[in-house]
Amino acid sequence: MLTHLRRSIVASIVFIVLLGFGYNYAGLAVSRVFFAHQANGSIGKNGSPLIGQNWTGPHWFQGRPDSDNPLSTGAANLGPRSKLLVSDVAKQIAVLKREGIAPTADLVTTSGSGIDPDISPADAYDQVKAVADSNRLPVWQVRHLVDAHVHGRQLGILGSPYVNVLELNEALAAEKH
Amino acid sequence: MGFFWTVSATVVLLAITWRFLGSYMAAVFDGRINYLRWLERLIYRLLAVDPEQEQSWQRYAGALVVFSGVAILVTYTCMRIQQHIGINPQHQLDVKPALSFNTAVSFVTNTNWQNYSGESTMSFFTLMVALTVQQFVSASVGIAVAIAMVRGFVRKDCATIGNFWADLVRCILYIMVPISFLFGILWVAQGAVDTLGASVHVKNALTGFTQSIARGPMGFIEPIKQLGTNGGGPFNANGAHPYENPTPLTNLLSLVLVLAIPFALTYTFGKMAGKIREGVALLGAMVLIFSVWAGIAAYAEQRPNPAVARGAAVTHTVVRQKAGNMEGKEVRNGASASSLYNIASTQTSTGSVDSANDSFNPMGGFALLTGMMLGEVTPGGAGSGLYTILLMAVIAVFIGGLMIGRTPEYLGKKIQAREVKLAAIGVLVMPVTVLIMTAIAVSIHAGRVGALNAGPHGFTEILYAFTSQANNNGSAFAGLNGNTAFYNVMGAIAMLMGRFAVMIPCLALGGTLAAKGSVPAGLGTFRTDTPMFSGLVVGVIVIIGGLSFFPAVSLGPIVEQLSTGKFF
């Protein structure tokens, strides 16, 4: 029993040194040397393309109706037969309709992270007319922007095609000038 | 189409890891892998352990229990003093006692149930030194138990089942650390965050929108979180967070890492037993159940979400849900791949999620919940999957023996009253714990107030919580507010039961069998390396799970699925 206890205490210390500090700091060193940009959060001029933001109004392409607060991530956790979810969805549909956007499923549901930075290509195309009108740009030009920002499946086979909202809006801003 | 390729890639990668990781693990526990001999020897010297000196099952279990107790204490202490100890750029406060206790138990038992939101609770010190260390260690303890138990099956007239310290150290040094580190590099290259910097404030010049973004040393924690079937994410959003799981590639590899060790251990088992087909028979049972459950979930999540459909109907709008149920899911991963991720994580005792379990369609939620209720054996957690399915196999040969009226044998060992009793205890601990605790929780106010959703879904949240903790899974129908004294303490007890009240009978079984001689297989021996035996094991798993849980599940997801048109 005492032998077990002594060994357990020593082992705990050894693992703290080896795994808690050794493993993690070795990883941090590799990250800093080879992947400094990613390791710091891929932060660009207007935020990180990995972290969703609020883009209100038809002036911009909109993301999903998340809270977009990276200090408190996570999903809304409402069940598939939740009255609250029904009313949240109905409210979001009304908002989008007022802005002249045909609501799509991604644009009326919240994500798993609460900071989903992406929308599906269909979500983006459905916003083209509203965005073009409100920015006084020709529709074809805005559609062209979306075309250029559709990410295909990774390695050709993985995940779903998506459009990064930050990238698309940065391109839209450049187009306006 | 994309989903088809995702599944194909997963199958191919797992077939490769099954074969090669499986034989590698057998070699590691045989002491034949020793490229880090200097470090291994140094650790043995510090511990004053002779790795060649083997232990009886009682000493093996004793070392394991005392070590886990110390680990709980160390982890608890880290959380209680994190405010004063540094590496805390976010200035997180000390964690409250009840939550610290629950979390310490949770990480030491390989559960990784989290009653807190990572980015606003844990300092980077706690994250690295308390939680990550346990992600390596608890998984290795689980694997060590499985290996010790298998030794019991394959040895003859032997009083010992291995050395706990040697098994633990070898598993960490040769399996956990190298694989996690390699994948860590890939993770950061794909975009995972990995820094000790505080949150950064950014202002979008286009909209004036400002945002504070929490970061942390996550890139290298993520692979061990998956590989060790741990599941405790540094961020609250877990695998849905783009900093933890940035791309569809990391999403796929998360899936592969989670399933790699539990599946490969069947190869290790076969190799140690001297007959790979014995392992294949267990693998067959695992794969069959896993595939059916993954199919149910993928199908359910490709269906539209009923609440979204109702929201559209009441506003007289058409909302196309071609992509399936996207509530609580990430666009880049898509509904099908997300359901696969969560199925893999619930059936391996991992519990990490890349989408909200709570928002799965009723049958999707059913698949997640019942996958755990089958006892986490398809393929189950790192080590825990193999040792629990071996209990099921013992019961299967016992039932097979009853059918043909012969003393059952497994791997040449006679299965007698003592073995069957131990297996029955190990198998029944989990359902008994889950049902009693759920019954208590729904009977008293402190339990009922935790649920977020109303109606049957709220019941499912509570049932799910105890199923998850008693199976050392750690996933949640996360609407439940578990950070109360009631849930913290009850949950901790469930996790301890699910871990040690199963491990100890497994080690006892290993010890008892090791001491027995072996009987040569004859004409009348019931063969355990055939599809017939796989089928029998599947039958035992499904019947035990079904008999234990069908009434409870009827009150939750089944009622929810059947109440078409009703909202709560």
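1. Covering of helix 11, chain B. The buried residues of this helix are covered by elements that include helix 1 (2-29), helix 7 (221-227), helix 8 (248-273), helix 9 (276-302), helix 12 (362-373) and helix 16 (456-470) of chain B. Contact means heavy atoms within 4.5 Å. Helices (H or I, at least four residues) and strands (E, at least two) are DSSP runs, numbered from the N terminus. The model is predicted: local features need pLDDT of at least 70, side-chain atom pairs count only at pLDDT 80 or more, and totals for chains, interfaces and linings use all residues. Residues are numbered from 1 along each chain as its sequence is written, chains are lettered from A and ligands numbered from 1 in the order in which they are written, and side-chain values use heavy atoms, with hydrogens and water left out.

2. Burial and length of helix 11. Twelve of the twelve residues of helix 11 of chain B are buried (under 20% relative accessible area; exposed is over 50%, partly exposed in between; 1.4 Å probe, protein chains only). Among them are L340(B), Y341(B) and I343(B), but also S336(B), N342(B) and T346(B). The helix covers residues 335-346 and reaches 16 Å from its first C-alpha to its last. That is close to the 16 Å expected at 1.5 Å a residue (1.5 Å times one less than the number of residues).

3. Helix 1 against helix 8, chain B. Their axes lie 7 Å apart, at an angle of about 40 degrees. Helix 1 of chain B is therefore oblique to helix 8 of chain B (under 35 degrees is roughly parallel, over 145 roughly antiparallel, 65 to 115 roughly perpendicular, the rest oblique). The contact residues divide into 18 nonpolar, seven polar and two charged.

4. The loop between helix 12 and helix 13 (384-404), chain B. P379(B) lies in this loop. A cis peptide bond joins T378(B) to P379(B), with omega about 0 degrees. E376(B) is found in the loop too. Its phi is near 55 degrees, a positive value in a residue other than glycine. Why does E376(B) count as buried? Its relative accessibility is 3%. Most residues other than glycine have a negative phi, and most peptide bonds are trans.

5. L155(A). Phi is positive here, about 55 degrees, although L155(A) is not a glycine. The residue sits in the loop between strand 2 (150-151) and strand 3 (162-164) of chain A. L155(A) is exposed, at 63% relative accessible area.

6. H84(B). This residue lies in the loop between helix 3 (57-80) and helix 4 (97-108) of chain B. H84(B) is exposed, with a relative accessible area of 62%.

Key:
Axes are lines fitted to C-alpha atoms, for helices over the stretch in contact, and angles run from 0 to 180 degrees between N-to-C directions. Ala, Val, Leu, Ile, Met, Phe, Trp, Tyr, Cys and Pro count as nonpolar, Asp, Glu, Lys and Arg as charged, and the others, Gly among them, as polar.
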